[in-house]
Amino acid sequence: MSPAAESPQSAGSAQTYSLVVVSNRLPVDFEVADDGTESWRTSPGGLVTALEPLMRSSDGVWVGWPGVADRTFGPFVNDGISIAPVRLSAADLEDYYEGFSNDTIWPLYHDVIAPPSFHREWWEAYVRVNRRFAEEAAAAASPGATVWVHDYQLQLVPRMLREARPDLVIGFFNHIPFPPDGIYAQLPWRKQILDGLLGADLIGFQRAADAGNFSRAVRRLYGYPTRGVAIDVPGHNGVHRRVIAKHFPISIDARSYEELARRPEVQERARQIREDLGNPKTILLGVDRLDYTKGILHRIKAFGELLEDGSVSVEDVTLVQVASPSRERVGPYIALRDEIELAVGRLNGDYSTISHTAISYHHHGYPREEMVALYLAADVMLVTALRDGMNLVAKEYVAVRFDRDGVLVLSEFAGAADELKQAVLINPHDIDGLKAAILRAIAMPRQERLRRMRALRRKVFDNDVAAWSASFLRTLTEGAAVRPGIPDPLAAALRDVTSTGTLLVALDFDGTLAPHVDNPEDARAVDGTRDAVQRLLDQDGVRVAFVSGRALVSLQHVSQPQSDVLLTGSHGIEVQLDTPEIELDLVSAELEQLDTLAQVLERISGGVAGTWIERKPAGLALHTRLATPQAAQSAQKQAREQLSVLLPGLTVREGKNVLEFAVRASTKGDALERLRRHTGADHVFYAGDDLTDEDAFAVLGEGDLGLKIGAGASLAGYRVHGPEEVPLVLGMIADFRDAAAETPPQPGA
Ligand code: GDG
């Protein structure tokens with residue numbers, strides 16, 4: 001696409017989004033061709049692939065730097081993804097990116113393989129640029145939005161964001177290792193960085209050891225209590241905020257790699273590569289960014305010694321090394337390139353023949369197809385990192401090998417070693433051990449190769465990048481702490497929206513007015529709810545409704561509503577709107593479907609402990625709250641599969657530990673629309689806690705207000721901690737209306 005028009009002001013977008021991803025680089029690069037043509041090029045990485053569907057479907061935006069200095073771009077949409085570019089000057093790049101990020105944090109976090117440089121002006125640039133990213137993210141986030149910040153360049157953003165926007169749910173993922181305390185403690189700004197990260201609700205790491213290192217640093221430098229993955233951070237008002245620090249090993253889009261590998265032209269290219277190399281018996285392959293963490297020199301040394309002592313010959317074995325250009329203006333990288341190229345040159349000078357090259361060395365970036373062809377051609381993949389957060393190359397090699405052949409030699413210092421245990425694991429510092437591992441890989445019998453690769457592939461395909469991002473976001477939005485009390489922005493919005501005009505106050509019951517309990521019939525609203533509802537019922541121009549997924553008789557039983565509360569049950573299939581009777585209509589075909597549904601679910605539930613059936617007027621619910629997670633999953637899967645064949649027209653709805661099937665499609669959104677028509681309200685206030693309440697939030701418009709109870713991704717504009725806050729909120733609405741009624745209208749208002 002063509003570039004968005006440059007805007008003279010800040011790139012901050014007026015539009016806001018419920019999901020904001022923040023990373024140093026955007027998933028698109030700004031490019032200027034030789035003829036001066038400007039364009040945006042998508043740079044497809046695992047992260048984009050993982051987040052793309054989510055970004056498209058869930059109203060998301062990506063905030064980051066577009067890869068060119070000193071240019072200001074307005075927000076734009078590329079390939080269905082909203083983009084909010086952050087401007088960086090050439091000086092920012094030098095000090096914040098090349099300096100503090102890549103020459104202070106990167107070497108420090110990778111076990112000081114190279115000595116980190118500490119410069120105060122770099123730190124100042126890091127703070128300044130992090131603030132810019134935080135401001136852009138805050139401007140792009142809608143009320144209560146989820147913000148996911150990525151990587152070591154942006155460690156101060158979570159705290160800055162929290163201060164600017166306490167309503168946000170904030171996650172951070174660190175793609176590189178987090179060092180042990182003895183090393184971390186060298187950082188002059190060690191406390192500021194920890195504080196920056198602790199602004200997040202969830203901090204994700206690649207390995208359990210990284211999360212442990214982080215928690216220990218927090219304990220030692222701040223003395224905050226930590227238990228397991230939880231860290232209790234003292235807040236201003238004496239209330240602790242719980243932060244979770246946990247490992248979420250990143251992965252790749254394994255299927256897309258296999259799909260590429262299966263293409264005939266890619267396989268043909270793999271054959272061609274082998275032929276061009278002189279048909280050696282064994283191709284060894286290394287693919288890395290040219291970086292001192294990757295152990296490229298150790299690999300070359302081991303291979304050189306194998307040639308020298310005659311264990312392998314250049315006719316039989318070739319090492320292909322792709323070292324893609326990286327951070328070419330950072331001092332240690334310039335020196336490393338010289339060292340590697342000197343070593344490669346020496347070795348080739350000593351051992352190559354006219355027909356066979358010892359090391360086929362390439363300092364280029366290649367298209368992904370070429371990388372996949374190289375993986376396919378390689379008999380042995382060498383991943384010899386001295387320290388690596390994960391190492392995606394290892395996983396890509398495994399994903400590509402649909403023939404189940406090939407041997408992965410993997411450093412135990414790469415995060416991937418935690419999962420890929422069937423690789424040949426090595427310590428790259430132990431050159432003799434590395435040589436022995438290479439020889440073992442070259443000679444490994446086919447049966448053993450297939451057995452290992454099969455197990456490796458299962459790991460990589462079961463835990464792909466979609467599973468990774470889903471698991472991170474689930475933990476973030478379900479587990480993230482929402483503080484008790486009424487946030488100021490909510491109070492202000494309540495005043496704006498609810499104090500005048502006719503108002504419908506529609507409330508979900510379970511999880512909103514009443515805490516969730518094991519036995520649904522025991523659910524009761526928290527103290528103070530009844531009085532607060534009564535105050536609203538006594539107001540002029542206010543109607544109150546309960547909106548529930550429960551059957552209406554059950555809702556009546558547990559909520560014991562005052563007689564003028566409007567009721568809708570079974571997601572709007574049953575209503576009682578100023579009538580003595582419950583209204584419901586089902587045709588005979590629907591009644592028959594209901595019978596079949598009951599038979600199927602009873603059979604499944606009978607076989608799975610901890611599950612039970614709840615009958616509803618137009619459907620049935622399969623509850624799994626008391627089952628083990630595996631049993632719950634299996635029961636739900638059976639129900640979905642069997643019913644999708646027997647009764648394909650059913651409406652299926654998933655809630656917390658419950659799967660509901662209905663013969664009549666209706667949602668809480670339908671219920672709310674009906675209530676709005678019935679009451680003719682100017683404004684609607686809706687509060688709910690569950691996935692099914694999202695349908696109601698979805699039908700709210702301008703002049704309405706949605707309140708999500710508890711954590712979790714939501715379309716609602718505001719959230720509170722739990723049912724305890726709801727009577728307070730209802731009381732505030734009554735207060736605001738009382739106050740508005742007492743204040744005479746202002747002239748001209
Ligand atoms: C950081 C962490 C963590 C490389 N050369 C070419 C090319 N690549 C691709 C590879 C792979 C990616 O770049 C490199 O990922 P790695 O994981 O191996 O390493 P880092 O770049 O250091 O990444 C690391 C990762 O973040 C994710 O969290 O695993 O530990 O250091 O996908 O295939 N791709 C193409 N041409 C090349 O020449 N197309």
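Predicted model: local features only at pLDDT ≥ 70, side-chain atom pairs only at ≥ 80, totals over all residues.
**Domains.** I began with the division of the protein, which gives domain 1 (17–247), domain 2 (260–468), domain 3 (488–585 + 666–742) and domain 4 (588–662). I then looked up how far apart domain 1 and domain 4 lie, and found 42 Å between their centres, taken over C-alpha atoms.

**Helix α22.** Next I asked which residues of α22 are buried, and noted K668, G669, A671, L672, L675 and R676. These residues cover an arc of only 155° around the axis, and therefore sit on the same side of α22. I recalled that an α-helix has 3.6 residues a turn, so residues three or four places apart point the same way. Looking for what covers the buried residues of α22, I found that the cover includes β19 (503–508), β20 (542–547), β21 (566–569), β27 (683–688) and α23 (694–698).

I also inspected both ends of the helix. At the start of α22, the backbone nitrogen of G669 has a side-chain oxygen of T667 within 3.0 Å, while G680, which follows α22, has a positive phi near 60°.

**Ligand.** For H175, I noted a side-chain N or O atom 2.7 Å from an oxygen atom of the ligand. Y366 places a backbone N or O atom 2.5 Å from a ligand nitrogen atom, and a polar backbone atom of N391 is 2.9 Å from an oxygen atom of the ligand.

Methods
Residues numbered from 1 in each chain as written. Heavy atoms only, no water. Domains from an automatic or database assignment. Buried < 20%, exposed > 50% of the residue type's maximum accessible area, 1.4 Å probe, protein only. Helix = DSSP H or I, 4+ residues; strand = E, 2+ residues; numbered from the N terminus. Arc of directions from axis to C-beta. Contact = heavy atoms within 4.5 Å. Polar contact = N/O pair within 3.5 Å; in protein donor to acceptor, adjacent residues only side chain to side chain.
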